[in-house]
Amino acid sequence: MAIQVQGVSKQFGSFQAVADINLEIGADSLVALLGPSGCGKSTLLRLIAGLESPDTGSIWLSGQDATRQRLQERNIGFVFQHYALFKHLSVRENIAFGMAVRKFPKAQAQRRVDELLELVQLTGLGNRYPAQLSGGQRQRVALARALAVEPSVLLLDEPFGALDAKVRKDLRGWLRRLHNEVHVTTFFVTHDPEEAMEIADTIVVMNKGRVEQVGSPIEIYDQPASSFVMGFLGQVNAVPHTSPLFPSATDAVEVFVRPHDLQVVAAPTPNSAPARVERLLHMGWHVQAELALESGQTLTALISREQFNALGLAPAQQVHVLLSNPRSFNAESARRVQIPA
């Protein structure tokens with residue numbers, strides 16, 4: 001199912017949750033809605049689901065205006081962060097709940113539950129209750145329940161937020177494989193850039209109720225549309241335009257560079273600047289170096305262990321740094337964005 005969001009705004013009291021959102025989501029897409037807490041991403045998801053009504057604008061599903069349709073009329077599956085399973089029902093009964101409400105024939109519902117238990121890798125656990133399952137297993141039950149009625153769209157609101165790091169990592173790959181099997185348009189909310197880049201084909205970045213950028217993970221990371229997007233997708237150094245690291249004048253007030261694009265060398269080179277090693281953090285496959293320029297500004301560089309050993313870095317050591325792939329942002333403009341099928 002394709003989704004179109006046209007000029008949608010929603011306000012709660014004096015708080016503008018979303019403002020003039022325009023999106024086109026292609027059928028069978030796997031899309032991440034990414035942004036910080038309070039940016040409006042969950043509100044947008046609820047508007048698409050029919051759990052909230054927009055103040056202005058319209059929502060179209062498969063070419064039909066669904067703005068005033070109820071959730072039950074939209075053929076949408078919704079998965080919440082905290083599972084929302086019925087504690088007094090077994091796994092089988094939880095999965096079958098939506099089918100019972102819609103009065104599916106009993107034999108058909110039983111077959112569907114069996115199929116879904118196998119799909120979410122819970123075969124043999126159908127008679128257990130939610131309290132007897134791990135967090136990851138309960139989340140898979142919630143996903144199976146949402147898929148039971150064969151929705152055209154699957155919406156997930158921070159689906160892995162309540163889980164520990166290892167379970168979250170495992171479920172990311174599982175959700176990606178699940179989407180490849182069921183081919184349902186999937187739209188999930190997350191505040192974790194790594195999660196969005198690992199799972200989604202396309203990422204929608206939101207900030208303060210507006211869409212900042214839409215693109216593939218590599219486009220969002222390598223070609224950020226704003227300083228906000230660049231900073232939210234990973235650590236950055238903000239370098240004043242007056243810094244000796246720039247060979248010529250720039251119109252930008254600040255230039256941004258990621259730590260892995262900050263090169264550390266032992267001897268001066270063209271366009272490099274002297275720096276002093278303030279602190280070294282060993283982080284497995286790489287080393288994080290905090291470097292102080294003569295101006296007093298501190299920059300963070302990520303270097304490989306091989307480079308660290310070759311330079312023989314130590315606190316208080318004098319080195320030289322230069323920028324690779326710096327980016328500046330002088331203006332940001334509103335734009336209509338489209339997610340291809």
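1. On a 1 Å grid over the protein atoms alone, a pocket is an open set of points where a 1.4 Å probe fits, with protein on both sides within 12 Å along at least five of seven lines. Its volume is the space filled by probe spheres set on the points, which are joined across faces, edges and corners. In this predicted model, the largest pocket holds about 510 Å³ of space.

2. The model is predicted, so local features need pLDDT of at least 70 and side-chain atom pairs count only at pLDDT 80 or more, while totals for chains, interfaces and linings use all residues. Residues are numbered from 1 along each chain as its sequence is written, and side-chain values use heavy atoms, with hydrogens and water left out.

3. The lining of the largest pocket consists of 17 residues, a lining residue being one with an atom within 4 Å of a point. L71, I76, F97, G98 and R102 lie nearest the pocket centre. At least two lining residues come from each of β6 (76–79), α2 and α4 (135–148); helices (H or I, at least four residues) and strands (E, at least two) are DSSP runs numbered from the N terminus. By class, the lining has twelve nonpolar, three polar and two charged residues. Here Ala, Val, Leu, Ile, Met, Phe, Trp, Tyr, Cys and Pro count as nonpolar, Asp, Glu, Lys and Arg as charged, and the others, Gly among them, as polar.

4. Helix α2 and helix α4 pack with their axes 7 Å apart, at an angle of about 30°. Axes are lines fitted to C-alpha atoms, for helices over the stretch in contact, and angles run from 0 to 180 degrees between N-to-C directions. The two helices α2 and α4 are therefore roughly parallel, the term for angles under 35 degrees. In α2, V91, N94, I95 and M99 meet V141, A144, R145 and A148 of α4, where contact means heavy atoms within 4.5 Å. Six of these contact residues are nonpolar, one is polar and one is charged.

5. Helix α2 (residues 91–101) also meets helix α3 (residues 106–119): their axes come within 10 Å and cross at roughly 125°. From α2 the contact takes V91, R92, I95, A96 and M99, and from α3 A109, Q110, R112, V113, D114, L116 and L117. Eight of the residues in this contact are nonpolar, one is polar and three are charged.

6. Between α4 and helix α5 (residues 165–182) the angle is about 25° and the axes are 11 Å apart. Helices α4 and α5 are therefore roughly parallel to each other. G136, Q139, R140, L143 and L147 of α4 make the contact with V167, L171, W174 and L178 of α5.

Note on methods:
Angles under 35 degrees count as roughly parallel, over 145 as roughly antiparallel, 65 to 115 as roughly perpendicular and the rest as oblique.
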